[in-house]
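I opened this notebook to record what I looked up in the structure. The entries follow the order in which I consulted it.

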Amino acid sequence: MLSACGGDPAPSAQAAGSEGPKDVELQVFENVFACSKATGKTTKECEEMRADAQKIAAKDAPRFEAKEDCEAVYGPGQCVQDTPPEDEQTSGRRHYSGFIVAWFSTKKDGKTGPLYKSTAGGYQTANGSRLGYGGQPGKYMAAGRALERAKSVPKVKPASQMARTAGFGKPGYGAKDSNFGRNSASGGGVLGGSKSAGGSKGG
């Protein structure tokens with residue numbers, strides 16, 4: 001899923017958790033039109049890039065049993081409900097994952113992947129690494145680890161003690177943002193549509 005609005009973060013945003021140099025230059029796109037304008041690709045080619053990012057998100061992005069735990073990582077209103085895997089659909093369990101707001105393409109070799117809002121501002125990758133603003137709209141820098149697949153992430157993270165005692169499941173909780181990100185704004189609309197009823201997670 002992809003929102004098609006929002007601007008670049010302040011130049012002070014830095015790539016967090018990078019022990020080495022920020023040696024990867026990225027382009028960030030929030031919709032297919034911005035992608036096409038920046039890269040010279042057709043909108044169809046940008047849609048394919050977006051779909052690739054969506055597939056990566058479906059495979060690598062963390063999933064949470066409790067919405068509170070998900071929002072602790074991505075921020076209030078930045079999580080969507082997943083469609084449970086086939087082997088869990090009869091159990092009625094609900095899982096949550098981060099709302100994808102954009103996708104990136106590496107300048108050097110064109111690798112792509114999903115991006116999420118960071119609670120500290122700016123964007124973060126599927127493994128939680130923040131991007132550093134590159135000095136102009138759409139340009140970012142990241143350490144190599146930002147593009148690595150997250151290690152030892154459980155399929156679904158069980159609810160934390162905080163989530164179990166903080167009103168999870170109370171009537172009305174999360175009702176305000178139940179349709180978050182479902183609008184089709186300019187630039188190809190919502191990214192994804194394969195994860196939640198009404199179009200949720202993806203690229």
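**Entry 1: the pairing of strand β8.** I began with Tyr133, which stands opposite Tyr140 in β8. The strands concerned are β7 (residues 132-133) and β8, paired in the antiparallel sense over 2 bridges. I took two strands as paired if DSSP finds at least two bridges between them. Helices (H or I, at least four residues) and strands (E, at least two) are DSSP runs, numbered from the N terminus. In the hairpin of β7 and β8 I noted 5 residues between the strands, and there Gly135 takes a positive phi near 100°.

I then turned to strand β1 (residues 24-29), which runs antiparallel to β8 and is joined to it by 4 bridges. Leu26 stands opposite Tyr140 in β8, and Val24 stands opposite Ala142.

**Entry 2: basis of the values.** The model is a predicted one, in which local features need pLDDT of at least 70 and side-chain atom pairs count only at pLDDT 80 or more, whereas totals for chains, interfaces and linings use all residues. Residues are numbered from 1 along each chain as its sequence is written, and side-chain values use heavy atoms, with hydrogens and water left out.

**Entry 3: the whole protein.** I found 4 helices and 8 strands in the secondary structure. From the N terminus on, the elements run β-α-α-α-β-β-β-β-β-β-β-α. Buried residues make up 46% of the 203 residues. Here buried means under 20% relative accessible area, exposed over 50%, and partly exposed in between (1.4 Å probe, protein chains only).

**Entry 4: the sheet.** I traced an open sheet of 6 strands in the order β6-β5-β4-β1-β8-β7, with antiparallel pairing. Its edge strands are β6 (123-124) and β7, each of which pairs on one side only. For strand β8 (residues 139-142) I compared the two faces: Tyr140 and Ala142 form the covered face, and Lys139 and Met141 the uncovered one.

**Entry 5: the salt bridge.** Which side chains meet in a salt bridge? I found those of Glu25 and Lys139, at 3.9 Å from N to O. Glu25 lies in strand β1 and Lys139 in strand β8, so the pair ties together parts that are 114 residues apart in sequence. The structure holds 1 salt bridge, the term being a side-chain nitrogen of Lys or Arg within 4 Å of a carboxyl oxygen of Asp or Glu. Glu25 is partly exposed, at a relative accessible area of 26%; Lys139 is also partly exposed, at 24%.

Entry 6: I located Ser118 in the loop between β5 (112-117) and β6. Is Ser118 buried or exposed? I recorded a relative accessible area of 11%, and Ser118 is therefore buried. The C-alpha atoms of Ser118 and Gly128, 10 residues apart along the chain, are separated by 8.2 Å.

Entry 7: Glu48 lies in helix α2 (residues 43-60) and counts as partly exposed, at 44% relative accessibility.
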